[in-house]
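Have the structure open as you read.

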Amino acid sequence: RLPLWLEARAASYASSRPYGLYQQLLTTWVGVAPEEGEDVVRRALERAMKAVFPGNAVDDRVSLLSQVMGLGPGKAAADRARLTPEQLQRATFDAARTLVSTLVAAGPTVLVLEDLHWADPTSLHLTEELSSLTNEGPLLLVLTHRPEPDPGVSALEAALGADQDLRVRRLEL
């Protein structure tokens with residue numbers, strides 16, 4: 001297939017909302033806008049997940065990614081309520097990682113994440129986690145940010161630069 005090209009742009013007004021950057025990325029992937037309503041967005045996510053994971057139970061992943069998309073708890077709310085915040089984040093990161101890994105296995109995938117200087121810390125941490133998938137297949141991460149120092153972006157750049165397995169190219173414009 002042609003490369004799957006997914007874009008998201010962090011916004012200044014959403015810099016304190018966890019997963020704000022990935023909420024936008026996922027709504028782009030499923031082909032809806034967040035303002036279309038929770039039912040429409042959830043159904044689109046379920047359809048997209050079933051297309052990527054045919055024959056597999058996707059309820060847990062849909063529930064976790066629904067949280068990323070800012071949707072209500074859904075069917076698995078009771079299961080998630082038993083998790084500690086750290087366990088919930090780990091499960092959510094695993095669901096996102098599994099999704100991106102599956103997309104990469106299907107063909108070249110490009111994730112364009114813009115304006116990282118406004119991204120929330122959770123999105124930056126997830127970006128670092130997903131960067132390791134570039135070693136598993138044709139995944140390109142394009143990350144943009146302003147040149148002014150930003151502690152979160154600086155930490156992400158340091159982590160990516162320290163990973164000997166990653167090929168990082170920095171372009172200053």
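1. Tyr19 is buried, at 5% relative accessibility, and Phe93 is buried too, with a relative accessible area of 1%. Buried here means under 20% relative accessible area, using a 1.4 Å probe and protein chains only.

2. A word on the source: this is a predicted model, where local features need pLDDT of at least 70, side-chain atom pairs count only at pLDDT 80 or more, and totals for chains, interfaces and linings use all residues. Residues are numbered from 1 along each chain as its sequence is written, and side-chain values use heavy atoms, with hydrogens and water left out.

3. A search of the whole structure turns up one aromatic pair (ring centres of Phe, Tyr or the six-membered ring of Trp within 6.5 Å). Tyr19 sits in the loop between β1 (4–9) and α1 (20–30) and Phe93 in helix α5 (residues 85–106), so the pair ties together parts that are 74 residues apart in sequence. Helices (H or I, at least four residues) and strands (E, at least two) are DSSP runs, numbered from the N terminus.

4. Have a look at Phe53 as well: Arg61 lies over the face of this ring, 4.5 Å from the ring centre. The criterion is CZ of Arg, or NZ of Lys, within 6 Å of the ring centre and within 35 degrees of the ring normal.

Key:
Phe/Tyr/Trp six-rings, centres within 6.5 Å; stacked < 30°, edge-to-face > 60°. Buried < 20%, exposed > 50% of the residue type's maximum accessible area, 1.4 Å probe, protein only.
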